[in-house]
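Biologist: I would like a close look at the aromatic side chains of this model and at what surrounds them. Please take them with care, and give the cut-offs as you go.

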Amino acid sequence: MSVSQSILSLLRKQFTLTSPPINGYIIPTSDEHQSEYTPANTKRRQFISKFTGSAGTAVVTTEKAALWTDGRYWNQASTELDLDSWILMKQGISPLLHSNRTARYSLYGGLAQSNEWESLSKKLDQKKMSLVPVEDNLVDRIWTDRPPTPKSRIFPLEIKYSGQSWEEKIPKSSSYFAAKQIDSPILQTDWSPISRLKAVKNPTESAGMELAHLKDAVALTEFFYWLETTSFGELTVKTSSKRVFIFTNQDQIITKDSQGLEIAETRAKDLYNSDCDVTEDMLDTAKDLISHLMFTYQPETFENPSVRRFYSTLEAMALDMNDVEEFEDHTCSDFRLYISA
């Protein structure tokens, strides 16, 4: 029995120990705080499946196990998953994982927002299945070498970034809860009161958002220029991802010229050092950014090799390809075809 099969067997044994017993268990990527980047001790989906990508959902039933992830990670997932034990599914496709039409699925409530729970419950109800709660996380029961909970020091953002101290925000929040007669600011079916308060930005926060958009625009412009001026032989997914990370993490000084136009001056950090390793964080950051770019055409539609190379690199990063596909330059004639023997 493989390591993956052993882990799945241990998890399935927990199905019979819940009350009521369940037929399937859903393991999302999220943690209890809905963090964008989860700490090591909450990477439950990674522990179960061995898939290390930053997005995906695992579903384990008494009969099968499947992982859903988006196009950025299909190649990576097909390499990391034990395909004798796991089914790799494209995001959005919902196959029948359980032959029992009255199956009970479970999802640890601490990892799902209430609206997500309700939506999933309705979908299962339509198939005559049900979503039932469990008291604790079933993965934690079998994860014997689980890393310890991180104990990093909490620090408040400076006023120059937040525009308001936490001492000012808490009374404001409490007054809002009292006016709306809210006992729990978390368990809400729609937007939580905290989210509603966060949506109203003060002048400092609004200025910070505008500055962030400006810096991102400068970073992407620099990256696109780098793509256009770099020889094809040097372009790989890793080198391109490293450049995205560098450009989005460099110091930028925003000033205004005599006509009031904003000018971004970049100050490179030591990240430009060619010996800097390409980390998983760099790759994930770059792929996530590039995957949100919208193009309505394919790289192969361009005859110009420079333009095609440009979009081929973006495509490779967005689709999590191992490398940029090589292509033949048909814009240069082969003079040998015109030389008579």
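Modeller: Phe51 counts as buried, because its relative accessibility is 0%; here buried means under 20% relative accessible area, exposed over 50% and partly exposed in between, with a 1.4 Å probe and protein chains only. The model is predicted, so local features need pLDDT of at least 70 and side-chain atom pairs count only at pLDDT 80 or more, whereas totals for chains, interfaces and linings use all residues. Residues are numbered from 1 along each chain as its sequence is written, and side-chain values use heavy atoms, with hydrogens and water left out.

Rings of Phe, Tyr and Trp (its six-membered ring) pair if their centres lie within 6.5 Å, with planes under 30 degrees apart counted as stacked, over 60 as edge-to-face and the rest as tilted; by this rule there are 2 aromatic pairs. In one of them, the ring centres of Phe47 and Trp143 are 4.9 Å apart and the planes stand at 15°, so the pair is stacked. It joins distant parts of the chain, 96 residues apart, since Phe47 belongs to helix α2 and Trp143 to the loop between α5 and α6; helices (H or I, at least four residues) and strands (E, at least two) are DSSP runs, numbered from the N terminus. Phe47 is buried at a relative accessible area of 13%, and Trp143 is buried at 9%.

Your residue forms the other pair: the ring centres of Phe51 and Tyr73 are 5.9 Å apart, and their planes are at 75°, so this pair is edge-to-face. Because Phe51 sits in the loop between α2 and β2 and Tyr73 in the loop between β3 and α3, the pair ties together parts 22 residues apart in sequence. Tyr73, too, is buried, with a relative accessible area of 0%.
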